[in-house]
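Please read it alongside the coordinates.

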Amino acid sequence: MDQGTVQGAARQRPDGMVHEGVPYREPALLARELHAPVDEALRGGGRVVAVLDGPNRAALESLLGSAASGIEWREPAEVHRVPAFTVAGRWARAIRRDPHPDARTTVIAQHLDLPGVERGHWIRLDAALNVALDGLPVTMLCPCPADRDLDLVRATHAALRVGGESLPTAGVRDPVELLADYPPPPPPDLGPPAAELAVTIDALPAVRRLVARTAPLAGLDPEGTADLVLAVNEIATNSVEHGPGHGRLRLWTRNGLVAEVHDVGRMAVPFPGIVAPPAAGARGRGLWLASELSDVLQVWSDATGTTVRLLVEPHGGAG
């Protein structure tokens, strides 16, 4: 995605993504704000997915009555156990794969306090959503406490829903600029790897064999193993063909298989793997494909170079 595309990603389109913040002070008031758009979506046959904490869910269910059975509920801790870019990518993937593509999807995605989830997660998530969901038929309604910094909510949402009205915001920021202020933290160090290998163009077959041999030890089934082999091959090939020509692969067998490719080059990709590259373009496809095939993709650069980390979990399919 070029800079101009990213800058246009935050603009709200009536036939594409609608991204609204919903400030609230108590569950009953939030339920009243959400009632009209949710009821309209359900009556129109659209899909409604909600990520709400217990009190807010109970208030909305009480107000909707039997209609609440049409909502697909997600547990906040499960949705946000992965990095913000992964959450955004999963929403985009779910909407692209909706069996009823002509129906609009409504997502209620609450900003809330969760263990291990810091404030920057929500800023990065909303910025990434503006990129990942651009042009898709989805309405994102993001409840957030009214006593939080609403300037940051306005920076990532084209409108605020207040008093039953959608009020356009001023000052929506370019996602890339916002990310520069709230960069994702580097993932935690995983300690000594279970296996590692130098990566060169001649070593790519050995890279694939090592991943295929190690994946079953992490509980991956044949499908999950095949996905990870292809994903790692894409990242390793990028490293040797478009990077410095050599790198290092490390593997860990914890909670699935974690694969990491590090090289001394620098990668300036603000939202790696979130958006598919243009069909006519050859660059950028490796990161996107690796993201599609894995459960989590993380990319970061520091003084030593660039690292791409992939996780495939034992369930055998990418989120």
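Which strands does helix α10 lie across, and at what angle does it run to β12?

1. The model under discussion is predicted. In it, helix α10 (residues 222–242) lies across β8, β9 (247–253), β10 and β12, and runs at about 170° to β12.

2. The open sheet comprises 5 strands in the order β8-β9-β10-β12-β11, with antiparallel pairing. Its edges are β8 (195–199) and β11 (296–302); each has a single partner strand, so one side of each lacks a neighbour in the sheet. On average, neighbouring strands are turned by 15° against each other, direction ignored.

3. Within this region, β10 (residues 257–263) and β12 (residues 305–312) pair in the antiparallel sense over 7 bridges. Asp-263 stands opposite Thr-306 in β12.

4. The largest nonpolar core contains 39 residues, and those touching the most other members are Trp-91, Leu-125, Leu-129, Leu-133, Val-138, Met-140 and Phe-271. At least two residues each come from β2 (47–51), α5 (84–96), β4 (105–109), α6 (119–132), β5 (138–145) and α8 (175–181). Helix α6 gives the most, with 8 residues.

5. Leaving aside residues up to four places away in sequence, Leu-133 touches Met-17, Trp-91, Ala-92, Ile-95, Val-138 and Met-140. A second, separate core of 29 residues includes Val-211, Leu-249, Leu-251 and Leu-293.

6. Helix α5 is largely enclosed by the rest of the structure, because 11 of its 13 residues are buried; among them are Phe-85, Arg-90, Trp-91, Arg-93 and Ile-95. At 1.5 Å a residue, the 13 residues of α5 should span 18 Å, and the 19 Å between its end C-alpha atoms agrees.

Technical notes. Residues numbered from 1 in each chain as written. Predicted model: local features only at pLDDT ≥ 70, side-chain atom pairs only at ≥ 80, totals over all residues. Heavy atoms only, no water. Core = buried A, V, L, I, M, F, W, Y, C linked by side-chain atoms within 4.5 Å. Buried < 20%, exposed > 50% of the residue type's maximum accessible area, 1.4 Å probe, protein only. Helix = DSSP H or I, 4+ residues; strand = E, 2+ residues; numbered from the N terminus. Contact = heavy atoms within 4.5 Å. Expected span 1.5 Å × (residues − 1). Pairing = 2+ DSSP bridges. Axes fitted to C-alpha atoms, helices over the stretch in contact; angles between N-to-C directions.
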